[in-house]
Amino acid sequence: MASVAMDMLKAASDWLTFAFDAPFARAVVFGVNIGGHLFVEGLLVVVIIFLLSQKSYKPPKRPLTKKEIDELCDEWVPEPLIPKITDDMKYEPPALESAAGPHTLINGTEVINFASANYLGLVGHGKLLEACTRSLEKYGVGSCGPRGFYGTIDVHLDCEARIAKFLGTPDSILYSYGLSTMFSAIPAFCKKGDVIVVDEGVHWAIQNGLQLSRSTVVYFKHNDMESLRNMLEKVTQENKRAKKLRRYIVVEAVYQNSGQIAPLDEIVRLKEKYRFRVLLDESNSLGALGSTGRGLTEYCKVPVDKIDIITAAMGHALATEGGVCTGNARVIDHQRLSSSGYVFSASLPPYLATAAITAIDILEKNPDLITKLKKNVGTLWKGLSGIQGLEIASDPASPIVFLQLKKSTGSSKGDLQVLEEIAHRVLKEDTVFVATSRRSTLDKCKLPVGIRLFVSAAHTEDDLMKAGESLKRVAALALNGHD
Amino acid sequence: MITIPYLTALTTYFSYGLLFVFGQFRDFFRKIADWWLGSNLQGYAPICLGLEDFYTRRLYLRIQDCFGRPIASPPDSWVDLVERVSKDNNKTLQRTAKISRCLNLGSYNYLGFAAADEYCTPRVIESLKRFSPSTCSTRVDGGTTTLHNELEEVVANFVGKPAAIVFGMGYVTNSAVLPALIGKGGLIISDSLNHNSIVNGARGSGATVRVFQHNMPDHLEKVLREQIAEGQPRTHRPWKKIMVLVEGIYSMEGELCKLPEIVAICKKYRAYVYLDEAHSIGAIGKTGRGVCELLGVDTADVDILMGTFTKSFGSCGGYIAGSKELIQYMKYSCPAHLYATSISPPAAQQIISAIRVILGEDGTSRGAQKLARIRENSNFFRSELQKMGFEVLGDNDSPVMPVMLYNPAKIPAFSRECLKNQVAVVTVAFPATPLLLARARICISASHTREDLIKALEVFSKVGDLIGIKYFPAEPDKQQQDDGRVKLE
């Protein structure tokens with residue numbers, strides 16, 4: 001028995017030896033003798049590679065079946081489209097029945113209007129109306145197309161040239177809406193990875209532009225130059241290597257949310273030291289600051305070519321609608337193709353462009369409008385001195401006079417209720433129309449709310465004194481109960 | 001669906017490749033020239049990096065004279081184009097005093113309200129004298145006049161919804177309303193060819209954005225089912241709400257949206273529908289009420305209707321129409337209502353007057369005539385172009401007609417040749433359309449007469465033969481339409 005097994009074993013090994021020593025096994029490849037044993041080694045290598053290439057054990061994937069998806073879809077319940085409407089959401093502003101000049105009609109009574117940013121009193125100006133009427137008769141109302149597709153009317157090009165000449169910059173570009181100017185200009189220049197240092201009190205359009213640009217945003221304390229310097233220092237320390245990094249500072253000339261004025265000479269000094277570019281929003285200062293109305297650069301005596309990009313909404317001093325952006329030729333040309341609010345939107349109606357040109361002509365011929373505006377602001381400050389419970393939080397030179405509560409009720413909703421009561425009573429009892437600053441739920445600005453008075457060059461001294469007395473009286477009554 | 005012939009696709013790729021190579025050569029030499037002359041940036045990073053404005057500098061500037069042509073008259077059916085010259089090889093263009101009168105096939109003037117109108121303009125001038133060109137104030141402060149309230153009522157009535165709110169610009173309407181309606185934790189499913197303002201609004205809202213294939217309700221259903229089953233990314237919590245964004249007429253395709261199917265799907269899965277009727281309100285439908293009327297969809301099924309007044313009403317601005325609670329909430333929270341200057345009163349009066357003319361409330365039947373004329377004109381023009389062998393996109397009844405060009409060289413050729421023959425057209429290329437699919441877009445207006453259209457057809461036929469864009473064989477022989485084509489969507 002054992003010998004049979006031994007014989008079989010011997011036969012098998014003989015056969016194996018024979019197989020491995022067979023002639024084909026002695027092939028010569030590339031000068032190397034291949035012996036039979038190399039086949040075994042080759043087989044082993046193949047097996048090792050096969051085992052290594054196997055993935056580790058994973059539980060098998062089981063995608064959801066159609067029935068399971070159906071069940072999930074059936075049981076999903078969405079939230080309602082809008083939250084429940086509460087009482088404070090039902091506010092309806094008063095409807096004007098005449099032009100929003102220094103005096104206007106509400107409900108048949110004439111009121112003194114401090115709620116329109118009509119700084120130079122151009123609303124209702126004869127020359128403006130005449131020019132607009134001619135333009136309407138010639139061009140109709142709308143422009144029926146974006147700038148790239150036959151929506152460029154010669155008045156647009158004239159308006160851009162006029163504004164550039166007025167401000168002393170090489171070129172300018174016209175947007176069809178004030179709000180879209182900032183939130184289209186910022187994403188055109190700031191892309192992912194760039195650094196933007198911005199004041200925390202800027203208005204919503206700038207915040208939206210920053211969000212759309214996807215850059216790194218750093219906030220500094222409202223109008224605080226020390227905080228700005230620290231932030232710039234921090235940012236430059238962290239990013240020393242990136243030479244291709246674009247860095248911007250974004251500020252407003254006169255802040256809409258607080259009436260403060262940005263110290264431009266200080267900012268320009270810092271910008272040159274740390275090599276940042278400045279974007280300045282001059283919506284409330286164009287036509288209101290500076291001895292001839294050229295804005296913050298004239299007021300702070302800074303040459304205008306040191307600011308890289310200036311934007312302005314024209315719905316304030318110039319009594320028209322739309323927005324404008326000026327700067328050097330490279331900056332403006334780039335926006336003509338890559339600024340979404342310019343390329344993908346219809347252009348400004350031509351009669352509004354004519355209104356802008358006429359407004360600037362009037363301003364250049366009558367610089368005494370600016371001195372009158374300054375005087376009026378001073379008179380209002382005098383009239384409001386000694387007011388109880390409220391304090392003036394804006395700069396003495398700013399055309400927006402911003403009143404805040406001296407002692408806050410603790411929440412901005414509570415503050416708003418008190419202020420709205422004051423505004424309502426002032427309108428009803430003394431026919432003075434003021435506005436409280438309302439915030440959207442999407443706004444990230446944390447500055448306190450207040451009452452805003454927009455002073456106009458067309459207000460008379462009586463108007464201003466009456467407003468001052470009325471506010472003092474109502475504030476005393478309303479806030480005595482809230483002390 | 002666009003089918004592009006093989007040969008054309010090849011030549012288009014080749015042309016773009018050649019332009020790209022030349023552009024790179026010139027950039028290379030410019031870099032050397034800059035290094036030689038020394039830079040004057042003094043430590044600031046350049047405001048436009050490398051390839052960001054490559055397209056602008058090397059491709060767009062060559063054909064810059066085809067875009068942004070200034071006009072010196074209202075954008076009516078015949079328009080005065082200002083001629084421009086360039087002394088530095090198309091880098092900058094200067095206006096001259098010469099004017100040429102051309103047939104206008106590019107402006108969005110669907111019902112012919114662009115120029116001074118006999119009913120609207122006197123009323124507009126009256127409101128200008130009463131309210132002045134601007135209120136200089138936001139709607140919520142002191143910018144609401146009786147005219148604004150009237151306008152909102154009239155718009156709500158016209159569109160068929162309980163209430164409406166009006167903003168001063170159409171672009172801002174989309175960008176500021178979407179963030180107020182939906183935020184983080186919500187899902188937005190938008191059509192792949194939606195307009196830039198919708199895309200901006202969706203991005204600015206913070207919600208997750210998914211795209212479904214253009215005008216395919218089946219794909220929309222698939223995406224909805226997947227997303228509801230999966231939930232929010234990474235946490236798998238259920239979505240807070242889902243919103244589907246579609247447009248009435250897509251401006252680059254001329255197609256109508258498949259609204260009945262999409263509304264049915266959204267009802268089944270409880271998603272909200274947001275319909276952007278920028279090009280369709282006032283222009284289609286029996287009484288001009290837009291795509292809902294044309295396709296027979298009840299306006300109560302669409303949650304939010306949005307539109308603009310620039311195209312059919314000859315004015316400016318945008319609106320949102322919905323339930324009373326929705327509009328109340330918008331007035332409370334939408335930034336465009338709280339922070340932006342209210343719409344200019346003369347523009348508001350123009351919209352009110354235009355709607356009155358369309359509804360026939362001015363005592364004449366001009367409105368009905370205009371609507372009938374634009375339908376006739378669009379169908380006539382489209383069928384004639386197709387008979388000649390051009391590749392025309394879009395559905396019947398839509399006044400927007402893209403004609404395919406494909407090759408980058410044909411874009412300026414078509415535009416300039418048509419201009420020589422006194423016809424002004426609009427040509428669109430990358431990035432508004434995909435790279436291979438450049439086109440010329442024609443917008444028909446109710447103020448075009450039959451003679452105008454016939455003249456345009458003659459010019460197109462001549463120019464089309466000259467530059468070779470009659471991709472389909474002219475009727476009546478329609479045999480070889482299906483060989484050798486690459487399907488592109």
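**Figure 1. Surroundings of B:Glu293 in the predicted model.** B:Glu293 touches B:Gly285, B:Lys286, B:Thr287 and B:Gly288, where contact means heavy atoms within 4.5 Å and residues up to four places away in sequence are not counted. The residue belongs to helix H9 (residues 291-295) of chain B; helices (H or I, at least four residues) and strands (E, at least two) are DSSP runs numbered from the N terminus. With a relative accessible area of 29%, B:Glu293 is partly exposed; buried denotes under 20%, exposed over 50% and partly exposed the range in between (1.4 Å probe, protein chains only). A separation of 51 Å lies between the C-alpha atoms of B:Glu293 and B:Phe22, which are 271 residues apart along the chain. This is a predicted model, in which local features need pLDDT of at least 70, side-chain atom pairs count only at pLDDT 80 or more, and totals for chains, interfaces and linings use all residues. Residues are numbered from 1 along each chain as its sequence is written, chains are lettered from A and ligands numbered from 1 in the order in which they are written, and side-chain values use heavy atoms, with hydrogens and water left out.

**Figure 2. The annotated segment of chain B.** In an unreviewed UniProt entry, the annotation "transmembrane region" covers residues 6-25 of chain B; UniProt positions follow the numbering used here, feature names are shortened, and annotations may be inferred rather than shown by experiment. In the model, this span is 100% helix and 0% strand, and its end C-alpha atoms lie 29 Å apart.

**Figure 3. Helix H13 of chain B and its packing.** The 23 residues of H13(B), residues 366-388, should span 33 Å at 1.5 Å a residue, which agrees with the 33 Å between its end C-alpha atoms; the expected span is 1.5 Å times one less than the number of residues. Among the buried residues of H13(B) are B:Leu371, B:Ile374, B:Phe380, B:Phe381 and B:Leu385, together with B:Arg366, B:Lys370 and B:Arg382. The buried residues of this helix pack against helix H12 (345-359), strand E11 (400-404), strand E14 (439-443) and helix H15 (450-467) of chain B. B:Asn377, also in H13(B), is buried at a relative accessible area of 3%. Leaving aside residues up to four places away in sequence, B:Asn377 touches B:Ile444, B:Ser445, B:Ala446, B:His448 and B:Leu453. Just after the helix, B:Gly389 adopts a positive phi of about 110°.

**Figure 4. Two positive phi values in chain A.** Most residues other than glycine have a negative phi. A:Lys301, in the loop between helix H10 (296-299) and E10 of chain A, has a positive phi near 55°. A:Ala319, in the loop between E10 and strand E11 (323-327) of chain A, has a positive phi of about 55°. A:Lys301 is exposed at 72% relative accessibility, whereas A:Ala319 is buried at 1%.

**Figure 5. The largest cavity.** The largest cavity has a volume of about 330 Å³. Of its 29 lining residues, A:Gln256, A:His316, B:Tyr339, B:Ala340 and B:Thr341 are the closest to its centre. On a 1 Å grid over the protein atoms alone, a cavity is a set of points where a 1.4 Å probe fits but cannot get out, and lining residues have an atom within 4 Å of a point. The largest share of the lining, four residues, comes from H6(A).

Definitions and conventions
1 Å grid on protein atoms, 1.4 Å probe; cavity = no way out; pocket = protein on both sides within 12 Å on 5 of 7 lines; lining within 4 Å. Points joined across faces, edges and corners; volume = space filled by probe spheres on them.
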